[in-house]
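User: I am new to reading protein models. Could you walk me through one?

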Amino acid sequence: MDTQELQKLKNAFDIVGNDPGLNRALETATMVAPTDITVLISGESGTGKEVLPQIIHKLSRRKNGRYLAVNCGAIPPGTINAELFGHEKGSFTGAIGERKGYFEEADGGTLFLDEIGELPKETQALLLRVLQSGEFMKVGSSKVEKTDVRIIAATNVNLLEAVHQGKFREDLYYRLCAVQIRMPALRDRREDIYLLFRKFTSDFSEKYNICKISLSHDAITLLRDYRWPGNIRQLKNVAETISALESKPVTPGAERIELNASAISGYLPDEQDSLLPAIGNVSQGQGNVSDDEKRAIVKAIFDLKQEVDRLRRIVEGSPRTVQAPEIEKQAADDAEWQDQQEQHEVLSIRKNSADLIEKALDKHNRNVKAAAAELGISERTIYRKLAEKKVK
């Protein structure tokens, strides 16, 4: 695959970066796409693994069939068999009618199973049967049914280690990883970090008609040296938060704002202790915060900042005939009001962060490790926030 073809592929799927590891992953995806071979995609949470199954599907002979993406970690263990394979009426409490599962819905197409390592052992055995023979049975049925589905799986955990720990079937592991593609972590793509930051801030500024953000050399170095535990997802949230809080509406002659390392350092969490950049760091799913809600949170913060800036301009433009004591009183009142607004903003952010943690914990059955991985924060941060809530 030459450079021009590779860039065309990146443009088609909105992929930014020139890292050799990223390029190898994309090239491998295009090579296996025409076949029906099973693919296992590995990589840390937030690295963008979900784009590879889309590429494989679009370049395959199944491109006119259905493409379904399923987050195995988001489905409760008690219902996952019914979700994947369907169920008969009355097969369990709440089964008021017959239902098709994802394997039946995706017949003739591609099924992407994300977080495959979260599957219960019973479901792993059923999945192995489908991979071997294309056969499955709905929950509550004894009828064997057939499906023609191409399986692509993804994981952010070490499946081989899970095999050694007895948490994942060895035969299923080797069946899944006929071809394995690894998406590199963002910290291994140093030269791509600023490219991605520029894209995210540019998209945000165009959407809200605010000045674009550019960085000084020391700020770029700071971004590149940061560990980025939440990978691309975390970088996007940080970029949008910086844009919302540091930029201002576009005016004639002012279309860009340059920030230095000091200005952006506060937006980079120290070992993930800050939850501010994690406000948008949640994928869509049942019981979770949607993209629309995420954008509403960021927009609310941005609108509040705009209102503060507007009132500041009004104060600064007040007539100079006002007596000095009155000016001092007005300035004091404005400062007090602004402090109150900033305190309100911080409290709002903290409340939203606490809500996100609770929703993530509920979604993962109070599993702190899984919730932390989804939010892009440390387990220690969640335990600390829970402790603070108990104290209150």
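User: In which sense do strands E1 and E7 pair?

Analyst: First, the ground rules. This is a predicted model: local features need pLDDT of at least 70, side-chain atom pairs count only at pLDDT 80 or more, and totals for chains, interfaces and linings use all residues. Residues are numbered from 1 along each chain as its sequence is written, and side-chain values use heavy atoms, without hydrogens and water. Strands (E, at least two residues) and helices (H or I, at least four) are DSSP runs, numbered from the N terminus. Two strands pair if DSSP finds at least two bridges between them. Here E1 (residues 39-42) and E7 pair in the parallel sense, over four bridges. Val39 has Val179 of E7 as its bridge partner.

User: Which side chains of E7 are buried?

Analyst: Buried means under 20% relative accessible area, exposed over 50%, partly exposed in between (1.4 Å probe, protein chains only). In E7 (residues 179-182), Val179 and Ile181 point to one face and are buried.

User: Which residues have the most contacts inside the largest nonpolar core?

Analyst: A nonpolar core is a set of buried Ala, Val, Leu, Ile, Met, Phe, Trp, Tyr and Cys residues joined through side-chain atoms within 4.5 Å. The largest one has 30 residues, and Leu111, Leu113, Ile116 and Phe168 have the most contacts inside it. Helix H6 gives the most to this core: four residues. A second, separate core has 25 residues, including Leu215 and Tyr267.

User: What does Phe168 touch?

Analyst: Contact means heavy atoms within 4.5 Å. Leaving aside neighbours within four places in sequence, Phe168 contacts Ile116, Leu159 and Tyr173, among others.
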